[in-house]
Amino acid sequence: MPSKRMRSSSTEVQQAARRLRRKETPAETILWRALRRNQLDGLHFRRQHALGRFVLDFYCASLRLAVELDGEVHDDVDQAARDHARSAALAAISIRVIRFRNEEVLGDLGSVLDRIRRAARPANGSPSVP
């Protein structure tokens, strides 16, 4: 049976996460302002979180939920294939991934937050406990 944990991140991945925190996109800035300090239903998110060989845009450990923002580079066929493989690797360790286009965050943040809230609920629809 495969392990549900991922080995700790390498120094290189941790350094990449730090660099990404300093160079966030406008969409990441806006979403982080809405998620930080447990503002979204008391859920604790981390930004540019190093996990194994990946850096997750936003991660809620209590829910094992990753929120990824995609810009134009993700329209490339090769990048889309890498995104799919990455999501599958994370799913293999019980981490759910939800993706949003940068334009969604910039144009309709409320809808994005509602979709994150829905993803935070367990399958039976009752509120999740962080």
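**Stop 1: the whole protein**

Start with everything shown, and keep in mind that this is a predicted model. The mean pLDDT of the protein is 85, and 82% of its residues reach 70 or more. Now colour by secondary structure: the protein has five helices and four strands. If you trace the chain along its sequence, the pattern you follow is α-α-β-β-β-α-β-α-α. Of the 130 residues, 38% count as buried.

**Stop 2: the start of the chain**

Select residues 1-5, where pLDDT stays under 50. Where pLDDT is low, the predicted coordinates should not be read in detail. Move on to Thr 11, which lies in helix α1 (residues 11-22). Although Thr 11 and Ala 50 are 39 residues apart along the chain, their C-alpha atoms are separated by 9.6 Å.

**Stop 3: the sheet**

Next, select the strands. Four of them form an open sheet in the order β1-β2-β3-β4, and the pairing is mixed. Which strands stand at the edges? They are β1 (46-51) and β4; each has a single partner strand, so one side of each has no neighbour in the sheet. Turn the view and look along the sheet: on average, neighbouring strands are turned by 45° against each other, direction ignored.

Zoom in on β2 and β3, which pair in the antiparallel sense over three bridges. Pick Phe 58 and look across to β3, where its bridge partner is Val 67.

**Stop 4: helices on the sheet**

Show α2 together with the strands. Helix α2 packs on the sheet and touches β1, β2 and β3, and its direction makes about 35° with that of β2. Just after α2, click on Arg 37, which takes a positive phi of about 55°.

Then bring in α5, which lies across β3 and β4 and runs at about 170° to β4.

**Stop 5**

In soluble globular proteins, nonpolar side chains tend to be buried together. To see this here, show side chains for Leu 31, Leu 35, Phe 45, Phe 58, Val 67, Phe 100 and Ile 116, the residues with the most contacts inside the largest nonpolar core, which has 22 residues. The elements giving two or more residues to this core are α2 (26-35), β2 (54-60), β3 (65-70), β4 (96-101) and α5 (109-120). A second, separate core has eight residues, including Phe 54, Tyr 59, Ala 66 and Leu 90.

For a close-up, centre on Leu 35. What does Leu 35 touch, not counting residues up to four places away in sequence? Its contacts are Leu 40, Leu 43, Phe 45, Phe 58, Leu 113 and Ile 116.

**Last look**

Among contacts between residues at least 6 apart in sequence, 62% join residues at least 24 apart.

How values were computed. Residues numbered from 1 in each chain as written. Predicted model: local features only at pLDDT ≥ 70, side-chain atom pairs only at ≥ 80, totals over all residues. Heavy atoms only, no water. Core = buried A, V, L, I, M, F, W, Y, C linked by side-chain atoms within 4.5 Å. Buried < 20%, exposed > 50% of the residue type's maximum accessible area, 1.4 Å probe, protein only. Contact = heavy atoms within 4.5 Å. Pairing = 2+ DSSP bridges. Axes fitted to C-alpha atoms, helices over the stretch in contact; angles between N-to-C directions. pLDDT = per-residue confidence, 0-100.
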